[in-house]
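Subject: Structure handover

Hello,

The structure you asked for is below, and my notes on it follow.

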Amino acid sequence: MLWIPEAVWQGLLENFDRAPEGVERVAFLDGVPVPPGLGGVVTTLTVPAAALSPGNYRIGAAEMSAAGKHLRQHRLQRLAQVHTHGGTCTTHSPTDDAMAYSQHLGALSVVLPEHAQEDPDPWDGTVHVRGAAGWTELSRDEAISLIRIVPVQIDQSQYPKEAARWKQSRTGIPARLEALWSRMTKASH
Ligand SMILES: [Zn+2]
């Protein structure tokens, strides 16, 4: 399975939103593999300094190397590649097959439609898996069972939420800081 924290997927969509109009976008999902099988736990979104164009993207050797430095540093691995196509067709082109980030068994490549402008989930595109015989497409159901988008925080606490405290303060300073500040300013008279 591939576990993607909600915030990472959201970050990818927001990043792709900022790309120039009409060009392909590309990013990597890095994290900790969970053997045996496909995927792992994604910790990090990596967006390489790619040359983006309407028909493809290119990542130079130096840029690819720069986009991988943190992997060794934090003992992470590249778990999947995500890139976009302009239309609704999300099959791998021969170039996609050949130029994928990895040709290792179990490598994952997600292709999203319409340059991800409709905020797709991973399974709204096509998930490709590198098998012994080459890249193969998963069905939507297979992709849904492979990929989980998980929350990064579950907060069922009964005490006031941080956000509520901020809202209660007229100046935007949390109430406690506000009280401290007013005491400090009075003391100077
Ligand atoms: Zn492609």
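Aspartate 119 has a relative accessible area of 45%, so it counts as partly exposed. Here buried means under 20% relative accessible area, exposed over 50%, and partly exposed in between, with a 1.4 Å probe and protein chains only. Before going further, note that this is a predicted model, in which local features need pLDDT of at least 70 and side-chain atom pairs count only at pLDDT 80 or more, while totals for chains, interfaces and linings use all residues. Residues are numbered from 1 along each chain as its sequence is written, and side-chain values use heavy atoms, with hydrogens and water left out.

Aspartate 119 sits in the loop between β7 and β8, where helices (H or I, at least four residues) and strands (E, at least two) are DSSP runs numbered from the N terminus. Its phi is positive, near 50 degrees, in a residue other than glycine. Alanine 116 belongs to the loop between β7 and β8 and also is not a glycine, yet has a positive phi of about 60 degrees. Alanine 116 counts as buried, because its relative accessibility is 0%. As background, most residues other than glycine have a negative phi, and most peptide bonds are trans. Proline 36 is placed in the loop between β2 and β3 (40-46).

**Zinc site**

The zinc ion is coordinated by NE2 of His83, NE2 of His85 and two OD contacts from Asp96, at 2.0 to 2.5 Å. Donors are N, O and S atoms within 2.8 Å of the metal (3.2 Å for Na, K and Ca); water is not among the atoms, so sites may look incomplete. The arrangement is irregular because the 4 donor atoms subtend angles of 56 to 160 degrees around the zinc ion. For reference, four donors count as tetrahedral if all angles lie between 85 and 135 degrees; four count as square planar and six as octahedral if opposite donors are over 155 degrees apart and all others between 65 and 115; anything else is irregular. Along the chain, the donors of the zinc ion follow the spacing H-x1-H-x10-D. Histidine 85, in the loop between β6 (77-84) and α4 (94-99), and aspartate 96, in helix α4, are 11 residues apart and link distant parts of the chain. Histidine 85 and aspartate 96 are both buried.

**Salt bridges and polar contacts**

How many salt bridges does the count come to? The count is 2, where a salt bridge is a side-chain nitrogen of Lys or Arg within 4 Å of a carboxyl oxygen of Asp or Glu. In one of them, arginine 78 pairs with aspartate 30, with 2.7 Å between the closest N and O atoms. Arginine 78 is in strand β6 and aspartate 30 in strand β2, so the pair ties together parts that are 48 residues apart in sequence. Both residues, arginine 78 and aspartate 30, are buried; the relative accessible area of aspartate 30 is 0%.

Strand β2 covers residues 26-33. The side chain of aspartate 30 also makes a polar contact of 2.8 Å with the side chain of histidine 70. A polar contact is a pair of N or O atoms within 3.5 Å; within protein, one must be able to donate a hydrogen and the other to accept it, and residues adjacent in sequence count only if both atoms are side-chain atoms.

Arginine 140 forms a salt bridge with aspartate 124, with the closest N and O atoms 3.0 Å apart. This pair links distant parts of the chain, 16 residues apart: arginine 140 is in helix α5 (residues 140-146), and aspartate 124 is in the loop between β7 (108-112) and β8 (126-131). Arginine 140 is partly exposed at 46% relative accessibility, and aspartate 124 is partly exposed at 35%.

**Surface and remaining positions**

Leu177, Leu180, Trp181 and Met184 make a nonpolar surface patch of about 440 Å². Patches are made of residues with over 30% relative accessible area and no salt bridge: like charges are joined within 9 Å, nonpolar side chains (Val, Leu, Ile, Met, Phe, Trp, Tyr) within 5 Å. Accessible areas come from the Shrake-Rupley method with a 1.4 Å probe; for residues, only the protein chains shown count as cover. Tryptophan 181 is in helix α7 (residues 175-187) and counts as exposed, at 55% relative accessibility.

Glutamine 103, in the loop between α4 and β7, has its C-alpha 8.6 Å from that of tryptophan 135, 32 residues apart in sequence.

Regards
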